[in-house]
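Here is a short note to read alongside the structure.

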Amino acid sequence: MNSIMENIDDKELSLVQREIEEALKNNNLTTAAGKIQDYLKEINNVELNIAVTGETGSGKSTFVNAFRGMKDNDDGAAPTGVVETTMDANAYPHPKYPNMQVWDLPGIGTATFKPEECLQKVEFDRFDFFIIVSSERFRANDISLAKEIQKMKKKFYFVRSKIDNDIRAEGRKEKFDKAKTLETIRQYCIKGLEDQGLGSPKVFLISGFDLGLYDFPDLEETMEIELPDHKRHVLLLSIPNITLKINKRKKEAFKTNMWRLAILSGTVAAIPLPGLSIAVDVSILVFEIQRYYHAFGLDDESLQSLANRMNVSVKELKAVLKSPLNQKKINKDVIVKLLQSAALTAVTMAEFLLSSVPAFGSIAAAGISFSTTYYMLRKCLNELADDGHNVLMTALMANE
Ligand SMILES: Nc1nc2c(ncn2[C@@H]2O[C@H](COP(=O)(O)OP(=O)(O)O)[C@@H](O)[C@H]2O)c(=O)[nH]1
Ligand SMILES: [Mg+2]
């Protein structure tokens with residue numbers, strides 16, 4: 001797995017991208033399709049490894065689960081509320097995107113273990129960045145750990161956890177100002193770190209019980225900005241769909257691959273389908289549309305988990321779903337039916353293809369297969385992203 005990770009970087013991916021465009025300019029669709037296959041294979045192999053570390057009881061394991069959209073008692077969840085006795089690094093893959101793994105690193109940053117020894121033991125090099133968690137002020141161990149990470153030229157983020165507890169306690173006071181309370185905690189943590197010679201790092205306030213609150217969206221955005229392109233994609237697809245902003249950026253991320261998939265579906269192993277005038281590779285469409293569905297949190301488990309967190313019923317959430325894809329299992333039959341109805345309107349698509357696809361001329365040669373699949377992907381992405389958006393709005397409004 002490591003070798004794959006080391007093999008792919010932004011430069012190589014942009015080389016494949018240029019090759020695709022070059023082939024399209026030369027009207028060589030077969031070559032373009034082959035290159036697209038390489039490209040998609042490579043981006044599907046990109047790994048994201050996030051290390052979560054900090055003292056026992058700080059909320060690491062809870063965070064590892066929440067980050068993957070899981071509850072503590074789900075299958076594959078990291079055990080929480082247990083006393084950590086070893087410093088074994090445990091990898092917890094995302095249930096739907098196993099290329100994204102969150103590592104629970106107990107022990108590092110506790111007095112028993114020296115940070116530099118621990119980091120060597122867990123092969124720090126595999127991590128894209130570190131999250132250092134503390135439920136109080138950051139201690140000397142957290143700081144020496146951060147310095148070790150810095151030496152290795154890796155990024156780290158400080159997370160002050162269990163903010164819900166602080167807010168609840170402060171909320172009992174008569175003069176409660178939530179924004180002020182949060183700012184006080186933030187400044188206190190930053191000052192502590194500065195006093196120990198760590199520059200002025202950002203500290204993100206979070207609750208592992210509800211990532212939609214406080215600074216998690218900020219943390220997500222920072223990670224996104226600081227990751228290289230190909231890794232950013234993995235983060236965006238796998239991150240739980242908990243804010244409207246994330247919903248929007250997920251949609252953008254999917255959009256960038258739409259035309260590549262449409263070329264591929266219409267060119268490689270395109271199989272004529274009964275009752276359909278075009279030849280497409282339906283399995284590509286099924287795979288991608290299923291990804292949309294999960295990324296926007298529209299599956300039953302995700303809706304249930306949103307309902308639990310936000311005190312709304314699953315029924316209320318389901319009531320706002322509009323896409324016909326929601327009532328069904330997304331499989332070949334469903335997609336073929338959609339294609340059949342989409343093919344009828346394929347003539348009207350030239351105008352959006354012009355604006356969003358490079359080397360449009362040669363793609364026009366791919367004709368109706370390309371247009372129809374592109375239209376389909378766009379339609380499904382729009383519908384499912386809208387549904388994701390509306391479900392979130394419903395949950396947020398119920399909490400106002
Ligand atoms: N109120 C609150 N409790 C939390 C939060 N995160 C973790 N906990 C609780 O703190 C305890 C330790 O959490 P755990 O994730 O096992 O910490 P770890 O030892 O660092 O892995 C458990 O009882 C958790 O339920 C949080 O954000 N808010
Ligand atoms: Mg733990």
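1. **Salt bridges overall.** The whole structure holds 21 salt bridges. Keep in mind that this is a predicted model. In general, oppositely charged side chains can pair when their charged atoms come close.

2. **Glu301 and Lys96.** These two side chains form a salt bridge, with 3.9 Å between the closest N and O atoms. The pair links distant parts of the chain, 205 residues apart. Glu301 sits in helix 13 (residues 300–310). Lys96 sits in the loop between strand 2 (90–93) and strand 3 (100–105). Is Glu301 buried or exposed? Its relative accessible area is 59%, so Glu301 is exposed. Lys96 has a relative accessible area of 33%, so Lys96 is partly exposed.

3. **Arg249 and Glu224.** Here the closest N and O atoms of the salt bridge are 2.9 Å apart. Arg249 lies in helix 11 (residues 244–267) and Glu224 in helix 9, so the bridge ties together parts 25 residues apart in sequence. Is Arg249 buried or exposed? At a relative accessible area of 18%, Arg249 is buried. The cut-off matters for that call: buried means under 20%. Glu224 is buried too, with a relative accessible area of 7%.

4. **Arg232 and Asp229.** This salt bridge has an N to O distance of 2.8 Å. Both residues lie in helix 10 (residues 229–238). They are three residues apart, about one turn of the helix. Arg232 counts as partly exposed because its relative accessibility is 25%. Asp229 is also partly exposed, at 48%.

5. **A charged network.** Salt bridges also join into a network. Which residues does it link? They are Glu55, Glu136 and Arg139.

6. **Aromatic pairs.** Turn now to the rings. How many aromatic pairs are there? The count comes to eleven. One of them is Phe63 with Phe216, whose ring centres are 6.3 Å apart. Why is this pair edge-to-face? The ring planes stand at 65 degrees, and planes over 60 degrees apart count as edge-to-face.

7. **Where Phe63 and Phe216 sit.** Phe63 belongs to helix 4 (residues 60–67) and Phe216 to helix 9 (residues 216–226). The two are 153 residues apart, so the pair links distant parts of the chain. Both Phe63 and Phe216 are buried. Ring pairs also bring in Phe67, giving a cluster of Phe63, Phe67 and Phe216.

8. **Phe127 and Phe130.** The ring centres of this pair are 5.4 Å apart. The planes are at 70 degrees, so this pair is edge-to-face. Phe127 counts as buried, at 1% relative accessibility. Phe130 counts as buried as well, at 1%.

9. **Cysteines.** How many disulfides does a search of the whole structure find? The search finds zero. Cys189 is buried, with a relative accessible area of 2%. Cys380 counts as buried, at 2% relative accessibility.

Definitions and conventions:
Residues numbered from 1 in each chain as written. Chains lettered and ligands numbered in written order. Predicted model: local features only at pLDDT ≥ 70, side-chain atom pairs only at ≥ 80, totals over all residues. Heavy atoms only, no water. Disulfide = S-S within 2.5 Å. Buried < 20%, exposed > 50% of the residue type's maximum accessible area, 1.4 Å probe, protein only. Phe/Tyr/Trp six-rings, centres within 6.5 Å; stacked < 30°, edge-to-face > 60°. Helix = DSSP H or I, 4+ residues; strand = E, 2+ residues; numbered from the N terminus. Salt bridge = Lys/Arg side-chain N within 4 Å of Asp/Glu carboxyl O.
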